[in-house]
There are 2 protein chains.
Amino acid sequence: MYEGPVQSLIEELGRLPGIGPKSAQRLAFHVLKLPLEDVKRLARTIVDARERMSWCTRCFNLAEAELCKICLDDRRDPTVVCVVEEPRDIVAVERTREFAGRYHVLQGAISPLSGVGPEQLRVRELLARVESEAIAEVILCTNPNIEGDTTAMYLARLLNPLGIHVTRIASGLPVGGDLEYADEITLGRALVGRRDVAS
Amino acid sequence: MYEGPVQSLIEELGRLPGIGPKSAQRLAFHVLKLPLEDVKRLARTIVDARERMSWCTRCFNLAEAELCKICLDDRRDPTVVCVVEEPRDIVAVERTREFAGRYHVLQGAISPLSGVGPEQLRVRELLARVESEAIAEVILCTNPNIEGDTTAMYLARLLNPLGIHVTRIASGLPVGGDLEYADEITLGRALVGRRDVAS
(Lines give C-alpha, C1' and ligand atoms only; values in the text may rest on other atoms or scores of the structure.)
Protein backbone atom coordinates (compact mmCIF):
# COMPACT_ATOMS: atom_id res chain seq x y z
CA MET A 1 0.00 0.00 0.00
CA TYR A 2 2.83 2.39 0.92
CA GLU A 3 6.02 3.06 -1.00
CA GLY A 4 8.58 0.24 -0.61
CA PRO A 5 10.75 1.39 2.31
CA VAL A 6 7.75 2.52 4.38
CA GLN A 7 5.91 -0.73 3.75
CA SER A 8 9.02 -2.70 4.77
CA LEU A 9 9.33 -0.65 7.94
CA ILE A 10 5.67 -1.21 8.86
CA GLU A 11 6.09 -4.94 8.27
CA GLU A 12 9.30 -5.15 10.34
CA LEU A 13 7.73 -3.25 13.24
CA GLY A 14 4.59 -5.38 13.01
CA ARG A 15 6.70 -8.47 13.71
CA LEU A 16 7.53 -7.21 17.20
CA PRO A 17 5.46 -8.64 20.06
CA GLY A 18 2.41 -6.59 21.02
CA ILE A 19 2.67 -4.34 17.94
CA GLY A 20 -0.39 -4.74 15.68
CA PRO A 21 -0.71 -3.35 12.12
CA LYS A 22 -2.09 0.04 13.27
CA SER A 23 0.60 0.50 15.94
CA ALA A 24 3.25 -0.49 13.41
CA GLN A 25 1.93 2.17 11.02
CA ARG A 26 1.90 4.84 13.73
CA LEU A 27 5.43 3.93 14.83
CA ALA A 28 6.62 3.99 11.22
CA PHE A 29 5.24 7.48 10.63
CA HIS A 30 6.77 8.61 13.90
CA VAL A 31 10.16 7.33 12.74
CA LEU A 32 9.79 9.06 9.35
CA LYS A 33 9.25 12.38 11.10
CA LEU A 34 12.18 12.03 13.52
CA PRO A 35 15.50 13.75 12.78
CA LEU A 36 17.82 11.36 10.92
CA GLU A 37 20.37 11.36 13.76
CA ASP A 38 17.70 10.16 16.25
CA VAL A 39 16.69 7.38 13.89
CA LYS A 40 20.32 6.30 13.47
CA ARG A 41 20.84 6.33 17.23
CA LEU A 42 17.73 4.17 17.71
CA ALA A 43 18.97 1.67 15.13
CA ARG A 44 22.49 1.66 16.60
CA THR A 45 21.17 1.11 20.13
CA ILE A 46 19.13 -1.88 18.97
CA VAL A 47 22.06 -3.58 17.25
CA ASP A 48 24.49 -2.55 19.98
CA ALA A 49 22.40 -4.08 22.77
CA ARG A 50 21.99 -7.31 20.84
CA GLU A 51 25.68 -7.51 19.94
CA ARG A 52 27.11 -6.63 23.33
CA MET A 53 24.80 -8.70 25.51
CA SER A 54 25.09 -12.41 25.97
CA TRP A 55 24.19 -14.82 28.77
CA CYS A 56 26.22 -15.18 31.97
CA THR A 57 27.93 -18.57 31.71
CA ARG A 58 27.17 -19.27 35.36
CA CYS A 59 23.63 -18.03 36.02
CA PHE A 60 22.29 -17.20 32.50
CA ASN A 61 21.39 -13.65 33.42
CA LEU A 62 22.17 -11.02 30.76
CA ALA A 63 25.88 -10.26 30.79
CA GLU A 64 28.29 -7.99 28.98
CA ALA A 65 31.26 -10.20 29.95
CA GLU A 66 31.50 -13.94 30.57
CA LEU A 67 29.89 -13.45 33.99
CA CYS A 68 27.08 -11.03 34.85
CA LYS A 69 27.46 -8.13 37.27
CA ILE A 70 25.87 -10.08 40.11
CA CYS A 71 28.09 -13.15 39.69
CA LEU A 72 31.13 -10.85 39.56
CA ASP A 73 30.12 -9.12 42.81
CA ASP A 74 32.18 -10.55 45.70
CA ARG A 75 29.81 -9.18 48.31
CA ARG A 76 26.99 -11.48 47.17
CA ASP A 77 26.45 -14.66 49.21
CA PRO A 78 27.39 -17.62 46.96
CA THR A 79 25.61 -20.14 49.18
CA VAL A 80 22.06 -18.96 48.38
CA VAL A 81 20.75 -19.14 44.81
CA CYS A 82 17.46 -17.61 43.74
CA VAL A 83 15.98 -19.39 40.71
CA VAL A 84 13.94 -17.16 38.40
CA GLU A 85 12.38 -17.57 34.98
CA GLU A 86 13.75 -14.50 33.19
CA PRO A 87 16.42 -11.81 33.64
CA ARG A 88 13.70 -9.20 34.22
CA ASP A 89 12.66 -11.16 37.33
CA ILE A 90 16.13 -10.50 38.78
CA VAL A 91 15.42 -6.79 38.51
CA ALA A 92 12.14 -7.31 40.39
CA VAL A 93 13.87 -9.26 43.19
CA GLU A 94 16.78 -6.80 43.41
CA ARG A 95 14.32 -3.93 43.90
CA THR A 96 13.10 -5.58 47.15
CA ARG A 97 16.61 -5.33 48.73
CA GLU A 98 15.71 -8.55 50.59
CA PHE A 99 18.12 -10.81 48.76
CA ALA A 100 21.93 -10.77 48.70
CA GLY A 101 22.69 -14.15 47.15
CA ARG A 102 23.16 -15.18 43.53
CA TYR A 103 20.67 -16.12 40.84
CA HIS A 104 19.95 -18.81 38.32
CA VAL A 105 17.85 -17.88 35.30
CA LEU A 106 15.88 -20.78 33.82
CA GLN A 107 15.06 -18.74 30.68
CA GLY A 108 11.45 -19.86 30.81
CA ALA A 109 9.11 -22.15 32.73
CA ILE A 110 7.77 -25.63 32.11
CA SER A 111 4.72 -25.27 29.87
CA PRO A 112 3.44 -28.39 28.11
CA LEU A 113 0.96 -26.28 26.12
CA SER A 114 3.80 -24.23 24.60
CA GLY A 115 5.98 -27.31 24.21
CA VAL A 116 8.49 -26.12 26.83
CA GLY A 117 9.87 -28.97 28.94
CA PRO A 118 12.77 -29.08 31.44
CA GLU A 119 15.23 -29.83 28.65
CA GLN A 120 14.52 -26.40 27.08
CA LEU A 121 15.33 -24.69 30.40
CA ARG A 122 18.63 -24.23 32.24
CA VAL A 123 17.79 -27.07 34.64
CA ARG A 124 20.82 -29.22 33.86
CA GLU A 125 23.05 -26.22 34.49
CA LEU A 126 21.32 -25.58 37.85
CA LEU A 127 21.95 -29.18 38.95
CA ALA A 128 25.60 -28.87 37.87
CA ARG A 129 25.95 -25.72 39.98
CA VAL A 130 24.49 -27.47 43.03
CA GLU A 131 27.02 -30.27 42.49
CA SER A 132 30.05 -28.03 42.02
CA GLU A 133 29.34 -24.86 44.03
CA ALA A 134 28.94 -24.65 47.82
CA ILE A 135 25.20 -23.96 47.63
CA ALA A 136 23.25 -24.34 50.87
CA GLU A 137 19.86 -23.06 49.76
CA VAL A 138 17.95 -22.75 46.51
CA ILE A 139 15.00 -20.34 46.54
CA LEU A 140 12.46 -21.21 43.86
CA CYS A 141 11.32 -17.78 42.72
CA THR A 142 9.37 -18.69 39.58
CA ASN A 143 6.06 -16.93 38.83
CA PRO A 144 3.14 -17.87 41.13
CA ASN A 145 1.09 -19.19 38.22
CA ILE A 146 0.55 -22.69 36.82
CA GLU A 147 3.77 -22.81 34.78
CA GLY A 148 5.89 -21.32 37.56
CA ASP A 149 4.40 -23.55 40.26
CA THR A 150 4.86 -26.62 38.05
CA THR A 151 8.46 -25.66 37.42
CA ALA A 152 9.06 -25.10 41.15
CA MET A 153 7.58 -28.48 42.06
CA TYR A 154 9.64 -30.17 39.38
CA LEU A 155 12.86 -28.54 40.59
CA ALA A 156 12.04 -29.31 44.23
CA ARG A 157 11.79 -33.00 43.39
CA LEU A 158 15.21 -32.91 41.74
CA LEU A 159 16.95 -30.73 44.34
CA ASN A 160 15.62 -32.09 47.65
CA PRO A 161 17.52 -35.43 47.34
CA LEU A 162 20.78 -33.49 46.92
CA GLY A 163 20.70 -32.52 50.60
CA ILE A 164 20.31 -28.78 50.16
CA HIS A 165 17.64 -26.52 51.55
CA VAL A 166 14.96 -25.93 48.89
CA THR A 167 12.48 -23.11 49.46
CA ARG A 168 9.65 -21.46 47.53
CA ILE A 169 8.78 -17.77 47.85
CA ALA A 170 5.78 -17.28 50.14
CA SER A 171 2.35 -16.64 48.82
CA GLY A 172 1.41 -13.03 49.23
CA LEU A 173 1.66 -12.44 45.54
CA PRO A 174 -1.76 -12.68 43.91
CA VAL A 175 -2.18 -16.18 42.45
CA GLY A 176 -2.31 -16.24 38.66
CA GLY A 177 -0.28 -13.03 38.60
CA ASP A 178 3.06 -12.19 37.15
CA LEU A 179 6.22 -11.68 39.22
CA GLU A 180 7.27 -8.83 36.97
CA TYR A 181 4.31 -6.69 38.06
CA ALA A 182 4.50 -7.26 41.84
CA ASP A 183 5.24 -4.23 44.00
CA GLU A 184 8.46 -4.31 46.02
CA ILE A 185 6.81 -4.68 49.44
CA THR A 186 4.65 -7.67 48.46
CA LEU A 187 7.52 -9.38 46.69
CA GLY A 188 9.85 -8.58 49.60
CA ARG A 189 7.44 -10.16 52.10
CA ALA A 190 7.07 -13.17 49.88
CA LEU A 191 10.87 -13.59 49.90
CA VAL A 192 11.15 -13.20 53.68
CA GLY A 193 8.28 -15.66 54.27
CA ARG A 194 9.62 -18.39 51.97
CA ARG A 195 8.88 -21.98 53.11
CA ASP A 196 10.21 -25.50 52.55
CA VAL A 197 8.87 -27.47 49.62
CA ALA A 198 7.88 -31.07 50.25
CA SER A 199 8.65 -33.21 47.25
CA MET B 1 18.72 -1.15 36.67
CA TYR B 2 19.90 -3.27 33.72
CA GLU B 3 23.37 -3.48 32.24
CA GLY B 4 24.25 -0.44 30.12
CA PRO B 5 23.29 -1.51 26.58
CA VAL B 6 20.00 -3.07 27.70
CA GLN B 7 19.08 -0.01 29.75
CA SER B 8 19.87 2.24 26.76
CA LEU B 9 17.72 0.05 24.53
CA ILE B 10 14.78 0.17 26.96
CA GLU B 11 15.08 3.95 27.17
CA GLU B 12 15.27 4.38 23.39
CA LEU B 13 12.23 2.16 22.82
CA GLY B 14 10.36 3.93 25.62
CA ARG B 15 10.66 7.20 23.68
CA LEU B 16 8.48 5.86 20.88
CA PRO B 17 4.80 6.88 20.95
CA GLY B 18 2.48 4.44 22.72
CA ILE B 19 5.37 2.42 24.19
CA GLY B 20 5.35 2.57 28.01
CA PRO B 21 8.18 1.38 30.27
CA LYS B 22 6.84 -2.19 30.53
CA SER B 23 6.30 -2.51 26.75
CA ALA B 24 9.79 -1.09 26.18
CA GLN B 25 11.23 -3.75 28.49
CA ARG B 26 9.33 -6.55 26.77
CA LEU B 27 10.40 -5.31 23.33
CA ALA B 28 14.01 -5.04 24.51
CA PHE B 29 14.07 -8.62 25.77
CA HIS B 30 12.44 -9.75 22.55
CA VAL B 31 15.22 -8.03 20.58
CA LEU B 32 17.92 -9.61 22.77
CA LYS B 33 16.56 -13.07 22.00
CA LEU B 34 16.29 -12.53 18.22
CA PRO B 35 19.00 -13.82 15.89
CA LEU B 36 21.60 -11.10 15.27
CA GLU B 37 20.80 -10.99 11.54
CA ASP B 38 17.12 -10.24 12.28
CA VAL B 39 18.11 -7.43 14.64
CA LYS B 40 20.44 -5.95 12.02
CA ARG B 41 17.71 -6.14 9.39
CA LEU B 42 15.28 -4.36 11.71
CA ALA B 43 17.81 -1.60 12.39
CA ARG B 44 18.68 -1.28 8.70
CA THR B 45 15.01 -1.07 7.70
CA ILE B 46 14.42 1.74 10.19
CA VAL B 47 17.33 3.85 8.93
CA ASP B 48 16.66 2.92 5.31
CA ALA B 49 13.03 4.06 5.44
CA ARG B 50 14.00 7.33 7.09
CA GLU B 51 16.86 7.97 4.65
CA ARG B 52 15.05 7.05 1.46
CA MET B 53 11.75 8.74 2.14
CA SER B 54 11.14 12.42 1.88
CA TRP B 55 8.12 14.57 1.09
CA CYS B 56 6.70 15.00 -2.41
CA THR B 57 7.54 18.55 -3.42
CA ARG B 58 4.10 19.00 -4.93
CA CYS B 59 1.63 17.35 -2.55
CA PHE B 60 3.75 16.54 0.55
CA ASN B 61 2.88 12.87 0.50
CA LEU B 62 5.74 10.48 1.30
CA ALA B 63 7.95 10.13 -1.75
CA GLU B 64 11.06 8.24 -2.75
CA ALA B 65 11.78 10.70 -5.56
CA GLU B 66 11.03 14.39 -5.90
CA LEU B 67 7.40 13.58 -6.67
CA CYS B 68 5.32 10.82 -5.06
CA LYS B 69 3.90 7.86 -6.98
CA ILE B 70 0.48 9.49 -7.27
CA CYS B 71 1.80 12.81 -8.61
CA LEU B 72 3.92 10.86 -11.12
CA ASP B 73 0.89 8.88 -12.33
CA ASP B 74 -0.37 10.39 -15.64
CA ARG B 75 -3.72 8.65 -15.34
CA ARG B 76 -4.69 10.69 -12.27
CA ASP B 77 -6.98 13.69 -12.85
CA PRO B 78 -4.93 16.83 -12.10
CA THR B 79 -8.02 19.02 -11.83
CA VAL B 80 -9.32 17.51 -8.56
CA VAL B 81 -7.24 17.72 -5.39
CA CYS B 82 -8.13 15.87 -2.20
CA VAL B 83 -6.75 17.62 0.89
CA VAL B 84 -5.86 15.29 3.76
CA GLU B 85 -4.06 15.70 7.08
CA GLU B 86 -1.49 12.88 6.85
CA PRO B 87 -0.02 10.49 4.24
CA ARG B 88 -1.81 7.58 5.92
CA ASP B 89 -5.12 9.24 5.04
CA ILE B 90 -4.19 8.92 1.36
CA VAL B 91 -3.99 5.16 1.86
CA ALA B 92 -7.48 5.23 3.40
CA VAL B 93 -8.91 7.23 0.47
CA GLU B 94 -7.13 5.08 -2.13
CA ARG B 95 -8.68 1.96 -0.63
CA THR B 96 -12.16 3.29 -1.48
CA ARG B 97 -11.34 3.36 -5.25
CA GLU B 98 -13.73 6.36 -5.43
CA PHE B 99 -11.07 8.96 -6.13
CA ALA B 100 -8.81 9.33 -9.16
CA GLY B 101 -7.45 12.86 -8.65
CA ARG B 102 -4.38 14.10 -6.82
CA TYR B 103 -3.78 14.89 -3.15
CA HIS B 104 -2.45 17.61 -0.91
CA VAL B 105 -1.15 16.58 2.51
CA LEU B 106 -1.42 19.30 5.15
CA GLN B 107 0.84 17.33 7.53
CA GLY B 108 -1.50 18.03 10.43
CA ALA B 109 -4.65 19.95 11.33
CA ILE B 110 -5.31 23.29 13.00
CA SER B 111 -5.24 22.68 16.74
CA PRO B 112 -4.91 25.72 19.01
CA LEU B 113 -4.54 23.43 22.04
CA SER B 114 -1.44 21.80 20.53
CA GLY B 115 -0.18 25.12 19.21
CA VAL B 116 -0.68 24.11 15.55
CA GLY B 117 -1.86 26.98 13.39
CA PRO B 118 -2.20 27.30 9.58
CA GLU B 119 1.41 28.47 9.31
CA GLN B 120 2.62 25.05 10.58
CA LEU B 121 0.61 23.29 7.87
CA ARG B 122 1.11 23.12 4.09
CA VAL B 123 -1.60 25.74 3.52
CA ARG B 124 0.57 28.27 1.68
CA GLU B 125 1.68 25.47 -0.67
CA LEU B 126 -1.96 24.49 -1.31
CA LEU B 127 -2.85 28.08 -2.25
CA ALA B 128 0.19 28.23 -4.56
CA ARG B 129 -0.99 25.04 -6.27
CA VAL B 130 -4.47 26.48 -6.81
CA GLU B 131 -2.84 29.57 -8.35
CA SER B 132 -0.47 27.69 -10.66
CA GLU B 133 -2.18 24.37 -11.48
CA ALA B 134 -5.44 23.96 -13.39
CA ILE B 135 -7.39 22.86 -10.34
CA ALA B 136 -11.19 22.87 -10.67
CA GLU B 137 -12.15 21.28 -7.36
CA VAL B 138 -10.61 20.91 -3.92
CA ILE B 139 -12.12 18.19 -1.72
CA LEU B 140 -11.55 18.89 1.97
CA CYS B 141 -10.94 15.41 3.35
CA THR B 142 -9.64 16.24 6.83
CA ASN B 143 -10.78 14.15 9.81
CA PRO B 144 -14.44 14.63 10.85
CA ASN B 145 -13.45 15.87 14.32
CA ILE B 146 -13.00 19.34 15.80
CA GLU B 147 -9.50 19.92 14.45
CA GLY B 148 -10.32 18.53 11.00
CA ASP B 149 -13.60 20.46 10.73
CA THR B 150 -11.89 23.66 11.86
CA THR B 151 -9.18 23.16 9.28
CA ALA B 152 -11.75 22.49 6.54
CA MET B 153 -13.71 25.63 7.42
CA TYR B 154 -10.52 27.67 7.46
CA LEU B 155 -9.43 26.36 4.05
CA ALA B 156 -12.93 26.86 2.58
CA ARG B 157 -12.77 30.54 3.54
CA LEU B 158 -9.43 30.89 1.75
CA LEU B 159 -10.29 28.81 -1.31
CA ASN B 160 -13.86 29.88 -2.14
CA PRO B 161 -12.85 33.41 -3.27
CA LEU B 162 -10.39 31.85 -5.75
CA GLY B 163 -13.31 30.73 -7.93
CA ILE B 164 -12.79 26.98 -7.59
CA HIS B 165 -15.26 24.37 -6.43
CA VAL B 166 -14.62 23.61 -2.73
CA THR B 167 -16.23 20.51 -1.26
CA ARG B 168 -16.16 18.66 2.04
CA ILE B 169 -16.55 14.87 2.32
CA ALA B 170 -20.08 13.95 3.34
CA SER B 171 -20.94 13.00 6.86
CA GLY B 172 -21.46 9.32 7.10
CA LEU B 173 -18.27 8.89 9.03
CA PRO B 174 -18.99 8.77 12.76
CA VAL B 175 -18.43 12.27 14.17
CA GLY B 176 -15.47 12.52 16.54
CA GLY B 177 -13.90 9.57 14.75
CA ASP B 178 -10.67 9.16 12.90
CA LEU B 179 -10.44 8.93 9.09
CA GLU B 180 -7.73 6.31 9.40
CA TYR B 181 -10.14 3.81 10.99
CA ALA B 182 -13.11 4.25 8.63
CA ASP B 183 -14.12 1.23 6.56
CA GLU B 184 -13.87 1.56 2.79
CA ILE B 185 -17.61 1.60 2.12
CA THR B 186 -18.39 4.36 4.62
CA LEU B 187 -15.47 6.46 3.47
CA GLY B 188 -16.34 5.79 -0.18
CA ARG B 189 -19.93 6.97 0.37
CA ALA B 190 -18.67 10.03 2.17
CA LEU B 191 -16.52 10.85 -0.86
CA VAL B 192 -19.34 10.32 -3.36
CA GLY B 193 -21.75 12.43 -1.26
CA ARG B 194 -19.41 15.37 -0.80
CA ARG B 195 -21.12 18.79 -0.65
CA ASP B 196 -20.26 22.47 -1.13
CA VAL B 197 -18.89 24.40 1.79
CA ALA B 198 -20.36 27.83 2.45
CA SER B 199 -17.70 30.15 3.73
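Predicted model: local features only at pLDDT ≥ 70, side-chain atom pairs only at ≥ 80, totals over all residues.
A residue is called buried when its relative accessible area is under 20%, exposed when over 50%, and partly exposed in between (1.4 Å probe, protein chains only).

Residues are numbered from 1 along each chain as its sequence is written, chains are lettered from A and ligands numbered from 1 in the order in which they are written, and side-chain values use heavy atoms, with hydrogens and water left out.

**View 1. Chain A meets chain B.** Each partner puts residues into the contact (heavy atoms within 4.5 Å): 53 from chain A and 53 from chain B. Together they bury about 5400 Å², and carbon and sulfur atoms give 68% of that; buried area here is the accessible area (1.4 Å probe) that two parts lose on being put together, summed over both. On the chain A side, A:Glu3, A:Ile46 and A:Arg50 lose the most area to chain B, together 13% of what that side buries.

**View 2. What holds hands across the interface.** There are 6 salt bridges between chain A and chain B, a salt bridge being a side-chain nitrogen of Lys or Arg within 4 Å of a carboxyl oxygen of Asp or Glu. One of them pairs A:Lys33 with B:Glu86, with the closest N and O atoms 3.0 Å apart. Which element gives chain A's side its largest share? That is H3(A), with 13 residues; helices and strands are DSSP runs numbered from the N terminus (helices H or I, at least four residues; strands E, at least two).

**View 3. A:Arg41 reaches over to B:Glu12.** These two side chains form a salt bridge, 2.5 Å from N to O. The pair crosses between chains, from helix H3 of chain A to helix H1 (residues 4–14) of chain B. A:Arg41 is partly exposed at 31% relative accessibility, while B:Glu12 is buried at 8%.

**View 4. A pair within one helix of chain B.** B:Asp38 and B:Arg41 make a salt bridge, their closest N and O atoms 3.8 Å apart. Both sit in helix H3 (residues 36–52) of chain B, 3 residues apart, or about one turn of the helix. B:Asp38 is partly exposed, with a relative accessible area of 23%, and B:Arg41 is partly exposed at 31%.

View 5. Find A:Arg76 in the loop between helix H4 (69–72) and strand S3 (77–84) of chain A. Is A:Arg76 buried or exposed? A:Arg76 is buried, with a relative accessible area of 11%. Leaving out residues up to four places away in sequence, A:Arg76 touches several others, including A:Ile70, A:Phe99 and A:Tyr103.

View 6. B:Glu94 and B:Arg76 form a salt bridge, with the closest N and O atoms 2.8 Å apart. This pair links distant parts of the chain, 18 residues apart: B:Glu94 is in helix H5 (residues 87–96) and B:Arg76 in the loop between helix H4 (69–72) and strand S3 (77–84) of chain B. B:Glu94 is partly exposed, at 24%.

**View 7. A:Phe60 and its phi.** Most residues other than glycine have a negative phi. A:Phe60 has a positive phi, near 65 degrees, without being a glycine. A:Phe60 lies in the loop between strand S1 (54–55) and S2 of chain A and counts as buried, at 9% relative accessibility.
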